[in-house]
Structures are given as structure tokens and as C-alpha cells.
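Reader: I have a structure open and some questions about it. Can we go through it piece by piece?
Author: Go ahead, pick a place to begin.

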Amino acid sequence: MHIESLALKNYRNYEELSIGFENKVNVILGENAQGKTNVMESIYVLAMAKSHRTSNDKDLIRWDQDYAKIEGRVQKQHSSLPLQLVISKKGKKAKLNHIEQQKLSQYVGNMNVVMFAPEDLNLVKGSPQIRRRFIDMEIGQISPIYLHDMSQYQKILQQRNHFLKMMQLKKQTDETMLEILTEQFIQMAVKIVRKRFEFLHMLENWAKPIHQGISRGLETLQISYKPSVEVLEDQDLSKMIASFEEKFSKVKSREMDRGTTLFGPHRDDLLFFVNDRDVQTFGSQGQQRTTALSVKLAEIELIYSEMGEYPILLLDDVLSELDDYRQSHLLNTIQGKVQTFVTTTSVDGIDHQTLKEAATYEVAAGVIKKVH
Ligand SMILES: Nc1ncnc2c1ncn2[C@@H]1O[C@H](COP(=O)(O)OP(=O)(O)OP(=O)(O)O)[C@@H](O)[C@H]1O
Ligand SMILES: [Mg+2]
């Protein structure tokens, strides 16, 4: 799929923008702080209804304005789809084909994107929270059911936490009620855990050969889920539920003491291993970077295999950070099949045929002009 046109109103430093893109590599050139990342982010937000760099939607609205609007037209193999997202202080409204969607989980996934930005190194180096966010966003792109389950999970988690807080404060003593909440919590938790296992398994299958290629056959990548409740990927559902029940009965008094839910998908993590060693702890900077790149390239293939269309690739400020070999590897992979946006302050030093043939745009102070 590719995005044909984009229109912004009061989005970050863009007062008004209306622009067409080409179904190949689009290079966005500009000095620092002119709006390169902002335009990439707006494409990402149009697809995901969430930013990759802030969880506060209000940040996206141009200062002193009441709302921001992103509109785009996405061309797929068999259809052309107009999308619209309006972000106001009251919340978000999304339209597909000019029809307002009641649920964002129905909206997300109609346009697929993969973003690769410098902060993606945190996927390997950063906190578990960053990795959980990554899994959730990526599964959400290919599975509306997961997004729905995730919001149900958040609801029951909040209820259970609230109840435990009351118990901690001795304002509540009803243990039967806690058991009911725990049972409901477990039902949702196992759904999430199973889907995450399944997703990471697919991701690993795609990422392994890619990582082998980038490391010139020297490194083997493994990705594994690290659940906070000891369950196994191939366990059947009833066994998994039993493991959760056992865990929660063991930690009941501790949870009442602490006033919060101590285990579950909101506490899980994932691990990357290169040649059997944890990359987060033992990996060099280069290995960590290769891992992040392999994961992103794997996502492109995973989305293609699940959705039947390649996603749109957004490379914000990363091309110049990669060495020549990784750069060519990346550009060769996408060549001709993935609409790609590349931002950079200068194309010097990026010597690849793909970029020579790219459409080029210049951005200055929130205004974009096509150069060639
Ligand atoms: N909500 C907002 N309203 C208005 N301006 C904003 C808002 N949020 C960010 N900006 C401004 O947008 C400008 C451009 O930011 P952006 O991150 O797109 O720069 P960039 O071109 O990617 O620069 P760099 O090369 O340093 O990455 C910044 O000066 C920033 O202060
Ligand atoms: Mg930037």
C-alpha cells in the first residue's frame, strides 16, 4: 500500500499542509527543527491513532489551537481509502471512507506503517515498558481483536487494582469479590499472553534470516517472550489458566498488602538474544542496532504476510546513522516494493541508486515543497 496524499491542519508546527507523495522512496530534506519528524509522525498517527514518541495526544495539536486534523488517501491493491483523524482536547475522532468509526480498534490497521527512528534502539536497550508498547502497537496493526482485548484487559486491571487498593486501606474486606475480579482478570490475561507468544514467534521467524544477512552470517537472533507468570508457549489454555490461578492464590496476601496487581501481561517483557547471549546486557552498540534493524525489517515482511500488502516504511533520521553495509542492506530490501519516507538533513554520504531516483522534498518552518 502507499499514501498518495496527506493534508494537515494545526498539526505540530504545520498550520496547513497539502501534499502528494510518490509510490517509491520520498526523501524529506531539511535543517533541524523544521518539521521533518513531525510530518513522519503525522503519517504514523494517521495509521495508528497514536504517536510513536508521545502518549499525550494534546502534544500533537499546534500550540494555542483547539484541534489537529490529519487526512490522507491510501492506495491499496484493490481500493483507495480516505482516512481522517481529528485530535481535540476532548479526544480523537476517526473516519474511514468518510464514515466515523465508533471504535478506534476498528480504525487502526487499515493503513499499515513501520517506523524506524533513532529511539528504536531503546527497543533493545530501554525499559520493559517500551518493549510492551512495541508488541501491543504492532499486534494491534494486524489484529483489531487484540486491540479490543487489550482495552478490556486494561479495564479489568484497573478495577482489580482499585479493589486491592481499597483492601490495602482496609476499606474493603470482601475476598470473594477479589476472587471474581481475579478470575475475570486471568481470562483476559491469558488471551493477551497467548497472542503475544504467537506474534513474537512469527516475528522471530522473519527476523532470524534478516539478522543473519545483516551480520554476514555471523549472528543468530532469538526473540523470546518473558512472562511474569511462569507459562509456556505451547501450553494449552486450561493449563495456562491453572498456572495463573496458582500464582494469584500464592501472592494474594502480598497483593492485598501492596494494593496492586503484581503479575500479568502489564509486567511481562521480551528478550533478544544474539548467539545465545542477551543483547540488552551483553550486546555491543552495533549488535543492538542490528537487532533493532532486523526487527523492523521483519515487521515489514510480517505485515505483508498477514495483511497481503506491504506497509509504508518511515525512516526518520536513521539512514545516515547506519554504516554503508547496513544502509545498502536496508535499501536493497525495500527497493521497488515498499513506499518509503526518509528524512535527513543532507543526502551527502548516502550513495545508493534508490536515493538518486527518489522524489525529494524540502521542509522549512513547517512548509514542504517538492524539489524533484
Ligand atoms: N504542538 C506543537 N505546536 C507547534 N510547534 C511544535 C509542536 N510540537 C513541536 N513543535 C515544533 O516543531 C518543530 C519541528 O520539530 P521536528 O521534530 O519535526 O523537527 P525536525 O525537522 O525533525 O528536526 P531534527 O532534524 O532536529 O530532528 C520544533 O521546533 C518544535 O518545537
Ligand atoms: Mg527529527
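Reader: What does the side chain of Thr-37 do at ligand 1?
Author: This is a predicted model. In it, a polar side-chain atom of Thr-37 sits 2.8 Å from an oxygen atom of ligand 1.

Reader: How much of ligand 1 does the protein bury?
Author: The protein buries 77% of the 660 Å² that ligand 1 exposes when taken alone.

Reader: Which residues are closest to ligand 1?
Author: Asn-32, Ala-33, Lys-36, Thr-37 and Ile-61 are the closest of the 16 residues that surround ligand 1. For Asn-32, an N or O atom of the side chain is 2.8 Å from an oxygen atom of the ligand. For Ala-33, a backbone N or O atom is 2.7 Å from a ligand oxygen.

Reader: And how do the residues of that shell divide into nonpolar, polar and charged?
Author: The shell around ligand 1 has 7 charged, 6 polar and 3 nonpolar residues.

Reader: Changing topic. How many aromatic pairs are there in the whole structure?
Author: A search of the whole structure gives 7. Among them is Phe-21 with Phe-341: the ring centres are 4.7 Å apart and the planes stand at 90°, so this pair is edge-to-face.

Reader: Where in the chain are Phe-21 and Phe-341?
Author: Phe-21 is in the loop between strand 2 (14-20) and strand 3 (25-29), while Phe-341 is in strand 13 (residues 340-344).

Reader: Why does the pair Tyr-304 and Tyr-310 count as stacked?
Author: Because the planes of Tyr-304 and Tyr-310 are at 10°, and planes under 30 degrees apart count as stacked. The ring centres of Tyr-304 and Tyr-310 are 4.0 Å apart. Tyr-310 is buried at 14% relative accessibility, whereas Tyr-304 is partly exposed at 36%.

Reader: Which residues do ring pairs link into a cluster?
Author: Tyr-153, Phe-185, Phe-244 and Phe-248.

Reader: What lies over the face of Phe-263?
Author: Lys-247 does, at 4.3 Å from the ring centre. Over the face of Phe-282 there is Arg-277, at 6.0 Å from the ring centre.

Reader: On to the helices. What does the side chain of Thr-291 reach?
Author: The backbone oxygen of Gln-287, at 2.7 Å. Thr-291 belongs to helix 10 (residues 285-307) and is buried, with a relative accessible area of 0%.

Reader: And Asn-205, where is that found?
Author: Asn-205 is in helix 6 (residues 175-214). Its relative accessible area is 46%, which makes Asn-205 partly exposed.

Reader: Last topic, backbone angles. What is phi of His-98?
Author: Near 70°, a positive value in a residue other than glycine. Most residues other than glycine have a negative phi. His-98 lies in the loop between strand 6 (91-96) and strand 7 (99-100), and is exposed, with a relative accessible area of 61%.

Reader: What about phi of Arg-12?
Author: Phi of Arg-12 is positive too, near 45°. Arg-12 lies in the loop between strand 1 (2-11) and strand 2.

Definitions and conventions: Residues numbered from 1 in each chain as written. Chains lettered and ligands numbered in written order. Predicted model: local features only at pLDDT ≥ 70, side-chain atom pairs only at ≥ 80, totals over all residues. Heavy atoms only, no water. Phe/Tyr/Trp six-rings, centres within 6.5 Å; stacked < 30°, edge-to-face > 60°. Helix = DSSP H or I, 4+ residues; strand = E, 2+ residues; numbered from the N terminus. Buried < 20%, exposed > 50% of the residue type's maximum accessible area, 1.4 Å probe, protein only. Lys NZ or Arg CZ within 6 Å of the ring centre and 35° of its normal. Near = heavy atom within 4 Å. Polar contact = N/O pair within 3.5 Å; in protein donor to acceptor, adjacent residues only side chain to side chain. Areas by Shrake-Rupley, 256 points an atom, 1.4 Å probe, with all protein chains shown as cover. Nonpolar A, V, L, I, M, F, W, Y, C, P; charged D, E, K, R; others polar.
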